[in-house]
Each structure stands twice: as C-alpha cells, then as structure tokens.
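Here's a quick walk through this one, for anyone who wants to get oriented before loading it into a viewer.

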Amino acid sequence: MKVIASSIRKGNVIEQDGKLYVVLTAENIHPGKGTPVSQIEMRRISDGVKISERYKTTDQVEKATIEDHNFNYLYEDADGFHFMNTETYDQVMVPKDVIGSAAPYLQENMQVKLSLHGVLPVAIQMPQRATLEVVDTEPVTKGQTASSSYKPAILSNGVRTAVPPHIGVGTRIVIMTEDGSYVERAKD
C-alpha cells in the first residue's frame, strides 16, 4: 500500500528494495525556502542495520501490511522473548533487537501488542504503565513532603528512576514504560 512520506509515523513498517524496515523516528522538516522533506530513521528487520532516509513529503513510500495481535509474555531465553497469542494460543519467539529498550519492563503474563508481517514479529507495543517495586533508594526523610525534589531509586527490574522523597524501599510504584518515569504509588 503506497502512502505519502509525510504520513509515516514511528512504529510503521516500510517495504523498500524488497526488505522490511521498522520506523524508529519520523520527522517532517519545513525549511524557510526549498522543499519540505521527511527525515525517516529506520531499522532493517532482517539484520537490525539502522539507516536514515530523506524523502520529499509528497514522495510515495510502500507501507507493509501489518497485523496487530494481542500476546501474553511468557519468558526469555538465549534465543529471545517468547509470547503466546491470546486467541489462537500460538507461540512466537521475538528477537532481542525487536524488543529493544522495552525488555526490562516485560513481566510474566503481561499483555502486549505485537505487530506481525505474515508470521514475522516486527514491532512491540507495551502497555503504557507497569507496576514495579523499589529495591534501593535513600531512606525516607521526615518533613520533606513539600519538597519537589526527587531522589534516585533502583527498581526490581534493574532500571534506575527518580521517585519523590516519601517513597521507601519495598514500595510498589507505577512507572511509564516509555521512559521509566515515576507516575504514582501503586494502589494494590
């Protein structure tokens, strides 16, 4: 399916020279004079090589047919990450480079959306938020509730983040999976 380059977004899959590429960043640049262009950074799915392309915003780009399905995360081994389709119970193995920076946030039985091109997994969409436990942070400081300063903390998945002063070790917190930022204390 052909689309104009300016409509390409992060996560889309493009077919070029018979190979599939997943879009990492897509930026439309409108200079003061001259032709507006779309700067697209993408990763070749077959071998993980990153390339950067510039198209005129009106150029036609071949968008690959992708189907999104809900999958449950099962486990990780040396080959990659294993997921199960929630409708058909088919299992699929996703390579580490497709998961990328989302890997630490995967939890057993977590529901994610996998984008498939035929049977090949090409992209993952994580839930926006994940609940994790704080395993290391500075002790709670009394009387520092009004302060807007955050302190460093290490979560149960090994990710470092910043939490408010009243959060102590053992507290379960909700974080954004996109950047690991603190949202709120977990309500469970």
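Valine 174 sits opposite glutamate 184 in strand S16. Keep in mind that this is a predicted model. The two strands here, S15 (residues 172-176) and S16, are paired antiparallel over three bridges.

That pair belongs to an open, antiparallel sheet of five strands, ordered S14-S13-S12-S15-S16. Strand S14 (160-163) and strand S16 (182-185) are the edges; each has a single partner strand, so one side of each lacks a neighbour in the sheet. If you ignore direction, neighbouring strands in this sheet are turned by 50° against each other on average.

There's another open sheet of five strands with antiparallel pairing, in the order S9-S8-S7-S10-S11. Its edge strands are S9 and S11 (120-125), each pairing on one side only. From one strand to the next, the twist averages 45°. Within this sheet, S10 and S11 pair antiparallel through five bridges, and leucine 114 faces isoleucine 124 in S11.

Isoleucine 14 stands opposite tyrosine 21 in S3.

| Strand pair | Sense | Bridges |
|---|---|---|
| S2 (residues 13-16) and S3 (residues 19-29) | antiparallel | four bridges |
| S3 and S4 (residues 37-44) | antiparallel | eight bridges |
| S10 and S11 | antiparallel | five bridges |
| S15 (residues 172-176) and S16 | antiparallel | three bridges |

Now for the inside. Which residues touch the most other members of the largest nonpolar core? They are Phe83, Leu106 and Val112, in a core of 28 residues. The elements giving two or more residues to this core are strand S7 (67-76), S8, S9 (91-94), helix H1 (96-99), S10 (111-117), S12 (129-137), S13 (151-155) and S15. A second, separate core has 10 residues, including Val3, Ile8, Ile14 and Met42.

Histidine 82 is part of strand S8 (residues 81-85). Is histidine 82 buried or exposed? Its relative accessibility is 11%, and the cut-off for buried is under 20%, so histidine 82 counts as buried. Its side chain makes a polar contact of 2.9 Å with the side chain of aspartate 77. Beyond its neighbours within four places in sequence, histidine 82 is in contact with Asn72, Tyr73, Leu74, Tyr75, Asp77, Val92 and Met93.

Finally, zoom all the way out. The chain has one helix and 16 strands. Its radius of gyration is 20 Å, whereas a compact globule of 188 residues would be near 16 Å. Along the principal axes, the C-alpha atoms fill a box of roughly 60 × 50 × 25 Å. Buried residues account for 38% of the 188 in the chain. As for contacts between residues at least 6 apart in sequence, 43% of them join residues at least 24 apart.

Technical notes
Residues numbered from 1 in each chain as written. Predicted model: local features only at pLDDT ≥ 70, side-chain atom pairs only at ≥ 80, totals over all residues. Heavy atoms only, no water. Buried < 20%, exposed > 50% of the residue type's maximum accessible area, 1.4 Å probe, protein only. Polar contact = N/O pair within 3.5 Å; in protein donor to acceptor, adjacent residues only side chain to side chain. Contact = heavy atoms within 4.5 Å. Pairing = 2+ DSSP bridges. Axes fitted to C-alpha atoms, helices over the stretch in contact; angles between N-to-C directions. Core = buried A, V, L, I, M, F, W, Y, C linked by side-chain atoms within 4.5 Å. Rg over C-alpha atoms; globule rule 2.2 N^0.38 Å.
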